[in-house]
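This report covers one structure, shown below with its sequence.

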Amino acid sequence: MASRISLKSKTLSLALTVSLVAGCALPRSGPNKNEIFSGSEMRNGDTLVIEVDDTVTRATALDPGRTFAQGFLNAGVTGSDTIRAGDTLGLTIWENVDDGLLSNAGMNATVLEEVQVDGSGFIFVPYAGRIKASGNTPEAIRRIITEKLSAQTPDPQVLVRRLAGDGATVSLIGGIGGQGVYPIERPTRTLTAMLARAGGVTIPPEIAQVTVIRGAHTGTIWLEDLYEDPSLDIALRGGDRILVEEDQRSFTALGATGAQSRVPFASQSITAIEAIATVGGLNSGLADPTGVFVLREESEASAEALTGREFTGPQRVAYILDLTSPNGLFVARDFQIRDEDTVYVTEAPYSQFVKILSAVIAPLNSANSIDQLAN
């Protein structure tokens with residue numbers, strides 16, 4: 001009786017195992033190399049499969065550098081002393097008499113704080129009238145006021161100071177130590193000086209981008225390039241908006257890697273070998289080093305340049321890297337990953353064999369256990 005139970009159990013287990021394997025129900029991380037190749041346009045699929053070599057690496061290389069347009073680069077530094085509409089001035093007037101036009105009894109100095117330049121560029125000073133301030137320096141305004149008051153009070157002495165106002169200011173937001181609105185002053189007339197004035201950048205410099213919005217024009221650069229290239233340290237203009245933010249690019253890692261996730265770029269550029277290392281490298285028990293794919297949608301022009309053929313619209317491209325070839329690691333070290341790429345590592349055929357073997361042995365071991373219990 002026990003032998004019959006044993007035979008039936010083993011037969012049932014083997015039948016279930018064969019059915020499972022035949023149905024391709026074994027767990028795995030995704031398609032294998034041959035299945036991806038079966039979707040190639042050479043086999044009536046819709047994906048271009050291109051083996052990566054030095055030629056492909058050079059053809060797909062992308063310079064991640066950013067720069068400002070000539071309109072930003074050619075703008076000269078404005079004079080920090082030039083008064084503009086909206087600026088705020090501080091005036092102090094001394095009169096050489098005891099009973100002056102402006103001063104109170106017993107005082108010979110009059111202080112006029114926060115005299116704002118109106119939209120037309122004028123200020124009003126008692127007994128001097130409306131005075132054109134915009135376009136002039138504080139020294140020029142001092143002379144004008146002195147001249148107008150001289151006819152009414154003997155030897156007036158005038159001091160004009162430019163205060164922080166909203167006439168020549170820039171706004172800074174994002175990854176800045178102190179977000180806010182800052183006046184353009186003599187020490188802060190350029191981009192780097194203004195960033196320092198606002199407390200510096202608080203995000204890692206290798207992934208920091210600086211965007212300057214000036215009217216309808218926008219320019220974005222890397223923070224690292226700003227400090228390496230003096231020409232990018234542009235002169236600021238009133239009304240500029242400065243945004244500092246992290247690089248938003250990322251790639252997705254899937255398959256037989258140390259981790260499967262969406263990974264942000266950690267530098268201006270990242271290569272295939274760096275991308276694999278970022279997620280823990282290849283899974284030594286599963287990965288097929290001859291089947292590392294980078295999946296990307298290439299533009300029509302790029303696809304035609306790579307293949308020498310004509311296409312209509314963007315094309316799906318599966319770049320394949322063979323890390324076991326003599327030049328494989330060097331090619332992977334040079335092949336650049338782009339934003340929204342998918343890095344997919346296929347499983348080795350051996351790993352599937354091990355899974356099949358495990359799927360066959362496990363039920364038989366269970367059957368043996370049942371047989372032993374029955375006996």
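The model is predicted: local features need pLDDT of at least 70, side-chain atom pairs count only at pLDDT 80 or more, and totals for chains, interfaces and linings use all residues. Residues are numbered from 1 along each chain as its sequence is written, and side-chain values use heavy atoms, with hydrogens and water left out.

Helices (H or I, at least four residues) and strands (E, at least two) are DSSP runs, numbered from the N terminus. Strands pair if DSSP finds at least two bridges between them. An open, mixed sheet is formed by 5 strands in the order 8-7-11-9-10. Strands 8 and 10 each have a single partner strand, so one side of each is left without a neighbour in the sheet. Strands 7 and 11 pair in the parallel sense over 4 bridges; Gly 174 has Val 244 as its bridge partner in strand 11.

| Strand | Residues |
|---|---|
| Strand 7 | residues 169-174 |
| Strand 8 | residues 180-183 |
| Strand 10 | residues 217-222 |
| Strand 11 | residues 241-246 |

A nonpolar core is a set of buried Ala, Val, Leu, Ile, Met, Phe, Trp, Tyr and Cys residues joined through side-chain atoms within 4.5 Å. The largest has 29 residues, and Tyr 319 and Phe 335 are among those with the most contacts inside it. A second, separate core of 24 residues includes Val 210 and Leu 226.

Terms used. Buried means under 20% relative accessible area, exposed over 50%, partly exposed in between (1.4 Å probe, protein chains only).
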